[in-house]
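Hi,

Here is the structure I promised to pass on. Have a look at it first, and then read my notes on the aromatic rings below.

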Amino acid sequence: MKLTEKKESEAKIKNMNKDYIKNLGDLKKVGYESKSIKDELRDNLKIKIRNGENAFEGIHGYDYTVIPELERAILSRHNINLLGLRGQAKTRLARLMVQLLDEWIPTIEGSEINDDPLKPISRYAKDLISAKGDDTPVSWIHREERFFEKLATPDVTVADLIGDVDPIKAANLKLSYADDRVIHYGMIPRANRSIFVINELPDLQARIQVALFNILQEGDIQIRGFKLRLPLDMQFVFTANPEDYTNRGSIVTPLKDRIGSQILTHYPESIEIAKVITSQEAHLDKRQRDIIHVPETAKDLLEQISFEARDSEFIDHKSGVSARMSITAFENLLSTAERRAIKNGEEETLLRFGDFLGVIPSITGKVELVYEGEQEGAAFVALQLIGDAVKSLFPDYFPKIEKLQKPDATTPYDDLIEWFFESSGFELPDDLPDADYKEKLDSIAPLNKLIEKYQPELKEEDKYFMKEFLLWALVEHKKLSKQRFSKGLQFKDLYGSYISGL
């Protein structure tokens, strides 16, 4: 039998017997062997790697960057610091590590710090085993209960994380303050044999970070003069934003020295990966997916907005642009279309380009503006991002519009621009029923010809979004003008719009 199969077989036997293992004697009979949490993670990861299984299901875009580094850190039994901007799945990665733990582990029943029955460390557990021997009761903990998380904030104290003397316990048990039984354990000792995550580590005050030194390295804790040798069995995972090192706080050097691996996370590197993440994470009502047709171009455009935001001169790059922006924007986008369908009493509808105006609240709430952006206003910046996304994607679908061209040069868009020059304008109300919306766009003959020529294989239901996309692109390239009125948008030729504004 292969070593891997043997370990899996032993694990199955232990899991089957757990309902019958009630005390320390039962554990010894089945040959249970203690294993540290880091060895649990390491052994179970090795099995997944050998079997070609994905140890971090639901994480996209990290296959050749973050995940290999994280797996190497686990195999090295390191405590880990995930360093990256917001919305880069740092906490998600830490939570998924729970799936690499054994499904069940035994503990001394009643222990505050999940004592290993074969390697007790607390006074309570040692005294209980001394008194009851093999009859010491054992309980079982599922791996889902072995994940603890703490957001580092300036008000976190040593008592919260490590522990403190409990005067009420001392009074009730009639104990002297010199007796270590008066100690009330904090979050970290109570998370013994578990994964403990501290999010935004630099926000933790320096004196609190110092309190972690001995736990990470020597395995002892100090509480109000008590120095207890508690070799806690922990897997620490820290998360931090790189700018926190200089802005809100810093990770003190001796603590960084005790963290085995620092892993840099990043944003999706392609629109395709970003679309997969958004589709997976967006909380959509099934009816929204059923009644709203969303063109692939619209999904590309939505993700391109985030890419533009990360390069925008109006947005603070140090703060980052979370992947949550695309997720909430997609939810708002579909809700905008759904609201129109409900209002018009329609059973199904097409997503329109104009629906992107409904994602502005999702953008303005997710970005940190620099001074110039604050001066322009959040709504202006959001519209600018939509426009920049249109310009970036436009050459993928239609001939590029050159910034400089000869006065007598012809372009594929001349007939369409001429159509607007000869008309008084083209209005597209937001809540127009689908039939009227299609009729209005179909009435622009040069627009139809451009779609047929350059996007001949486009699905019929996608053509209307592409028509609007083309109009917006001409506006962004200063070939047409666009104005907002109370009920929708009005497109005009650029020169006529200028004259009417005089």
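For the ring pairs I used this rule: rings of Phe, Tyr and Trp (its six-membered ring) pair if their centres lie within 6.5 Å, and the planes count as stacked when under 30 degrees apart, edge-to-face when over 60, and tilted for the rest. That gives 17 aromatic pairs.

One of them is F353 with F356, a tilted pair at 5.5 Å centre to centre and 35° between the planes.

F394 and F469 make another tilted pair, with 6.4 Å between centres and 35° between planes. This one links distant parts of the chain, 75 residues apart: F394 is in the loop between α19 (378-393) and α20 (414-422), and F469 is in helix α23 (residues 463-476). Helices here are DSSP runs of H or I, at least four residues, numbered from the N terminus. F394 and F469 are both buried.

Ring pairs also join F353, F356, F394 and F469 into a cluster with Y397, F398, Y413, Y454, F465 and W472.

Then there is R310. A charge sits over a ring if NZ of Lys or CZ of Arg is within 6 Å of the ring centre and within 35 degrees of the ring normal. R310 lies over the face of Y267, 4.0 Å from the ring centre, and over the face of F307, at 5.8 Å.

Before you use any of this: it's a predicted model, where local features need pLDDT of at least 70, side-chain atom pairs count only at pLDDT 80 or more, and totals for chains, interfaces and linings use all residues. Residues are numbered from 1 along each chain as its sequence is written, and side-chain values use heavy atoms, with hydrogens and water left out.

Cheers

Terms used. Helix = DSSP H or I, 4+ residues; strand = E, 2+ residues; numbered from the N terminus. Buried < 20%, exposed > 50% of the residue type's maximum accessible area, 1.4 Å probe, protein only.
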